[in-house]
Amino acid sequence: MVDHNDVQAALSARIDGEDSAIADDVLDAHLAECPECQRYWEQSLQFSRSLSAVPMSPPDNLSDVIYAGVETEFQRVSARRVLLMTACRVTLVLLALVYVVWAGRLLAPEMTDVELGAASVRVGIATALLFVSWKPSQIPGVLLIVGAMFGFSLGFAVLEAITGGTAPWSQLLTLLFTCAVLVAMWVTDYGNPLRVLNARPI
Ligand SMILES: [Zn+2]
């Protein structure tokens with residue numbers, strides 16, 4: 001009498017292409033008569049077929065597939081970055097023009113020293129904005145100056161508002177907007193994937 005477990009082990013071996021402990025004719029004779037082992041045989045065959053349907057080894061060009069994906073992602077990020085940087089540059093140049101016009105408004109034949117100083121500061125900011133639109137790495141220094149100017153103007157505007165004067169809200173907003181564009185441009189430039197790739201370990 002052949003044990004079912006032995007038969008099923010032999011059937012597994014047959015599927016795997018290994019030698020079985022039971023002779024083929026004995027195995028087939030048992031299989032023909034035993035519903036339990038027939039069920040096992042069919043299930044094993046089915047399982048074996050479903051396994052062979054799944055590719056067990058990665059495709060040969062897997063690295064190509066990965067590189068292609070990375071490259072596409074890289075290009076996508078780069079394109080978005082270039083677009084953002086261009087938008088920031090254009091905005092900074094426009095802002096520089098605003099500051100020059102702003103300075104020009106202060107210029108008058110009978111202008112005071114204070115007004116002259118204020119006009120020079122605005123021309124200075126305009127120059128700095130044009131400079132960083134070309135050299136974004138210099139943004140932190142310019143941001144510090146514009147940010148300090150915004151803080152000072154804000155304090156001054158609040159004081160004016162409290163004492164009933166007219167606070168220069170449009171100037172404040174212009175300064176705030178300048179800060180925001182500078183921050184956005186700096187972050188965009190800082191996230192430059194080319195810069196990361198070119199970074200050398202210290
Ligand atoms: Zn059996």
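Residues are called buried under 20% relative accessible area, exposed over 50%, and partly exposed in between (1.4 Å probe, protein chains only). By that scale R14 is partly exposed, at a relative accessible area of 29%. The model is predicted: local features need pLDDT of at least 70, side-chain atom pairs count only at pLDDT 80 or more, and totals for chains, interfaces and linings use all residues. Residues are numbered from 1 along each chain as its sequence is written, and side-chain values use heavy atoms, with hydrogens and water left out.

**Salt bridges**

- The count comes to two salt bridges (a side-chain nitrogen of Lys or Arg within 4 Å of a carboxyl oxygen of Asp or Glu).
- D24 and R14 form a salt bridge, with 3.3 Å from N to O.
- D24 lies in helix α2 (residues 24-33) and R14 in helix α1 (residues 4-16), so this pair ties together parts that are ten residues apart in sequence.
- Helices here are DSSP runs (H or I, at least four residues), numbered from the N terminus.
- R14 also forms a salt bridge with D28, where the closest N and O atoms are 3.1 Å apart.
- D28 in helix α2 and R14 in helix α1 are 14 residues apart, and the pair links distant parts of the chain.
- Shared partners join R14, D24 and D28 into one network of salt bridges.
- D24 is partly exposed, with a relative accessible area of 48%, and D28 is partly exposed, with 37%.

**Largest pocket**

- The largest pocket holds about 370 Å³ of space.
- On a 1 Å grid over the protein atoms alone, a pocket is an open set of points where a 1.4 Å probe fits, with protein on both sides within 12 Å along at least five of seven lines; lining residues have an atom within 4 Å of a point.
- Grid points are joined across faces, edges and corners, and the volume is the space filled by probe spheres set on the points.
- Of the 16 lining residues, A118, R122, M149, S153 and Q171 are the closest to the pocket centre.
- Helices α4 (62-106), α5 (113-134), α6 (139-162) and α7 (169-190) each supply at least two residues of the lining.
- The largest share, five residues, comes from α5.
- The lining divides into eleven nonpolar, three polar and two charged residues; nonpolar covers Ala, Val, Leu, Ile, Met, Phe, Trp, Tyr, Cys and Pro, charged covers Asp, Glu, Lys and Arg, and polar the others, Gly among them.
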